[in-house]
Amino acid sequence: MPVTAPSTPEPSKSRSVPPPLQVAAAVVGIEALLLVGYGAVLVPAVSSARLAMGVTTPVFFALYGVGLAFCAWKLRALHSWARSPLVLAQLIQLGVAWSFRGGASTGVAVGLAVLSAVALAGIFHPASIDALADHPDV
């Protein structure tokens, strides 16, 4: 009889994902899509006069969006490490929202702040914290 190493269950297979965490992951997924889309919109604006800035800005937004999407996916799979980069991203987004307040960009500020608040509330909901906690008996 072959000896096999004990397997550790995949986090998402052993515990269910609470609704607040699902909402947080979905909101971050939407943010990721918007960032990748913004990066794509910036590509046609690349000019030879400012080539370095024109290339690195769309790449930055695209990579930032892909990173957020990856962390949201892992958060949805109940990987607790994904919580930290997502919280940091939401706090940065709140700072960006604050910088857009006043004048014609107030709507952008409110939209960014609401998305961040919803994501943070979902991540820090007690059910989400419990689902992401390390349970050695699972």
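These legends describe close-up views of a predicted model.

View 1. The protein chain holds 6 helices and 0 strands. Read from the N terminus, its elements run α-α-α-α-α-α. The chain has 138 residues, and 31% of them count as buried. Among contacts with a separation of 6 or more, 69% join residues 24 or more positions apart.

**View 2. The largest nonpolar core.** This core has 23 residues. Seven names stand out for touching the most other members: Leu 21, Val 28, Leu 68, Leu 75, Leu 78, Leu 86 and Ile 123. Five helices each supply at least two residues of the core: α2 (19–42), α3 (51–76), α4 (83–99), α5 (106–124) and α6 (126–132). Helix α2 gives the most, with 7 residues. In soluble globular proteins, nonpolar side chains tend to be buried together.

**View 3. Leu 21 and its partners.** Leu 21 is one of the core residues that touch the most other members. Which residues does Leu 21 touch, not counting those up to four places away in sequence? The list is Leu 75, Leu 78, Gly 122, Ile 123, Ser 128 and Leu 132. Leu 75, Leu 78 and Ile 123 are also among the core residues with the most touching members.

**View 4. The largest pocket.** The volume of the largest pocket is about 440 Å³. Its lining counts 16 residues, and those closest to the centre are Leu 35, Phe 61, Gln 93, Val 96 and Leu 112. Helices α2, α3, α4 and α5 are the elements that give two or more residues to this lining. Which classes make up the lining of the largest pocket? There are 13 nonpolar, 2 polar and 1 charged residues.

View 5. Gln 93 sits in helix α4. Is Gln 93 buried or exposed? It counts as buried because its relative accessible area is 14%, and the cut-off for buried is under 20%. The Gln 93 side chain makes a polar contact with the side chain of Ser 116, at 3.1 Å. Leaving aside neighbours within four places in sequence, Gln 93 is in contact with Glu 31, Leu 112, Leu 115 and Ser 116. Gln 93 and Leu 112 are both among the lining residues closest to the centre of the largest pocket.

**View 6. Phe 100 in the loop between α4 and α5.** Phe 100 lies in the loop that joins these two helices. This residue is partly exposed, with a relative accessible area of 34%. How far is Phe 100 from Leu 112 in space, C-alpha to C-alpha? The distance is 9.2 Å, and the two are 12 residues apart in sequence. Phe 100 is in contact with Ser 105, Thr 106, Val 108, Ala 109 and Leu 112, leaving aside neighbours within four places in sequence. Leu 112 is also a contact of Gln 93.

**View 7. Val 46 in the loop between α2 and α3.** Val 46 is found in this loop. Its relative accessible area is 31%, so Val 46 counts as partly exposed. That class runs between the 20% and 50% cut-offs. Beyond its neighbours within four places in sequence, Val 46 is in contact with Leu 51, Gly 54 and Val 55. Val 46 and Thr 56 are 10 residues apart in sequence, and their C-alpha atoms are 9.7 Å apart in space.

Definitions and conventions: Residues are numbered from 1 along each chain as its sequence is written. This is a predicted model: local features need pLDDT of at least 70, side-chain atom pairs count only at pLDDT 80 or more; totals for chains, interfaces and linings use all residues. Side-chain values use heavy atoms; hydrogens and water are left out. A nonpolar core is a set of buried Ala, Val, Leu, Ile, Met, Phe, Trp, Tyr and Cys residues joined through side-chain atoms within 4.5 Å. Buried means under 20% relative accessible area, exposed over 50%, partly exposed in between (1.4 Å probe, protein chains only). Helices (H or I, at least four residues) and strands (E, at least two) are DSSP runs, numbered from the N terminus. Contact means heavy atoms within 4.5 Å. A polar contact is a pair of N or O atoms within 3.5 Å; within protein, one must be able to donate a hydrogen and the other to accept it, and residues adjacent in sequence count only if both atoms are side-chain atoms. On a 1 Å grid over the protein atoms alone, a cavity is a set of points where a 1.4 Å probe fits but cannot get out, and a pocket is an open set with protein on both sides within 12 Å along at least five of seven lines; lining residues have an atom within 4 Å of a point. Grid points are joined across faces, edges and corners, and a volume is the space filled by probe spheres set on the points. Ala, Val, Leu, Ile, Met, Phe, Trp, Tyr, Cys and Pro count as nonpolar, Asp, Glu, Lys and Arg as charged, and the others, Gly among them, as polar.
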